[in-house]
Amino acid sequence: MPTKEKRLKTICLVSLTQKQLSRYINTVSAINLGLGLSTACVLYFIGLNDALLWSVIVGILNFIPHVDSVFCVLVLTLAAMVQFGVNL
């Protein structure tokens, strides 16, 4: 049978874990929001169509580890090549 002291310790640990996880998720969300906004600005200034759509995709995909950077660069490069044409 768990004692009152062990129960309180468990509650404190769960609460601390919950706060730290919440802080991490908020930090990652703020970083991804900044990435999406900066991507939208850059894409808008180079004249890519649907800059807002692409920036939302970049911001959302950045939540996925190991996929985010490479996939986003490939997708944006392909979109620019399709829009502006490819002269090889």
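At 39% relative accessibility, F71 counts as partly exposed, since buried means under 20% relative accessible area, exposed over 50%, and partly exposed in between (1.4 Å probe, protein chains only). This is a predicted model, in which local features need pLDDT of at least 70 and side-chain atom pairs count only at pLDDT 80 or more, while totals for chains, interfaces and linings use all residues. Residues are numbered from 1 along each chain as its sequence is written, and side-chain values use heavy atoms, with hydrogens and water left out.

**The patch around F71**

F71 sits in helix 3 (residues 68–84); helices here are DSSP runs of H or I with at least four residues, numbered from the N terminus. Together with F63, I64 and V67, F71 makes a nonpolar surface patch of about 330 Å². Such patches are made of residues with over 30% relative accessible area and no salt bridge, with nonpolar side chains (Val, Leu, Ile, Met, Phe, Trp, Tyr) joined within 5 Å. A salt bridge is a side-chain nitrogen of Lys or Arg within 4 Å of a carboxyl oxygen of Asp or Glu. The accessible areas come from the Shrake-Rupley method with a 1.4 Å probe.

**Cysteines**

The structure holds 0 disulfides, a disulfide being a pair of cysteine sulfur atoms within 2.5 Å. C41 is in no disulfide, and the nearest cysteine sulfur, in C72, is 16 Å away.

**Helix 2 and its neighbours**

Now for the packing. The buried residues of helix 2 are A51, W54, S55, V58, G59 and L61, and they pack against helix 1 and helix 3. T39 in helix 1 shows part of this picture: T39 is buried, because its relative accessibility is 12%. Leaving aside residues up to four places away in sequence, T39 touches S55, V58 and L76, where contact means heavy atoms within 4.5 Å.

L53 also lies in helix 2, but L53 is partly exposed, with a relative accessible area of 47%. D50 has a positive phi of about 55° although it is not a glycine. For context, most residues other than glycine have a negative phi. D50 counts as exposed, at 52% relative accessibility.

**An aromatic pair**

How many aromatic pairs does a search of the whole structure find? The search finds 1. The rings of Y44 and F45 have their centres 5.6 Å apart and their planes at 70°, so the pair is edge-to-face. Rings of Phe, Tyr and Trp (its six-membered ring) pair if their centres lie within 6.5 Å, and planes under 30 degrees apart count as stacked, over 60 as edge-to-face and the rest as tilted. Both Y44 and F45 are exposed.

**Two C-alpha separations**

K9, in helix 1 (residues 4–46), is exposed at 58% relative accessible area. K9 is one end of a pair in this table, and L53 is one end of the other.

| C-alpha pair | Apart along the chain | Separation |
|---|---|---|
| K9 and P65 | 56 residues | 33 Å |
| L53 and G36 | 17 residues | 9.7 Å |

Conventions
Helices (H or I, at least four residues) and strands (E, at least two) are DSSP runs, numbered from the N terminus. Patches are made of residues with over 30% relative accessible area and no salt bridge: like charges are joined within 9 Å, nonpolar side chains (Val, Leu, Ile, Met, Phe, Trp, Tyr) within 5 Å.
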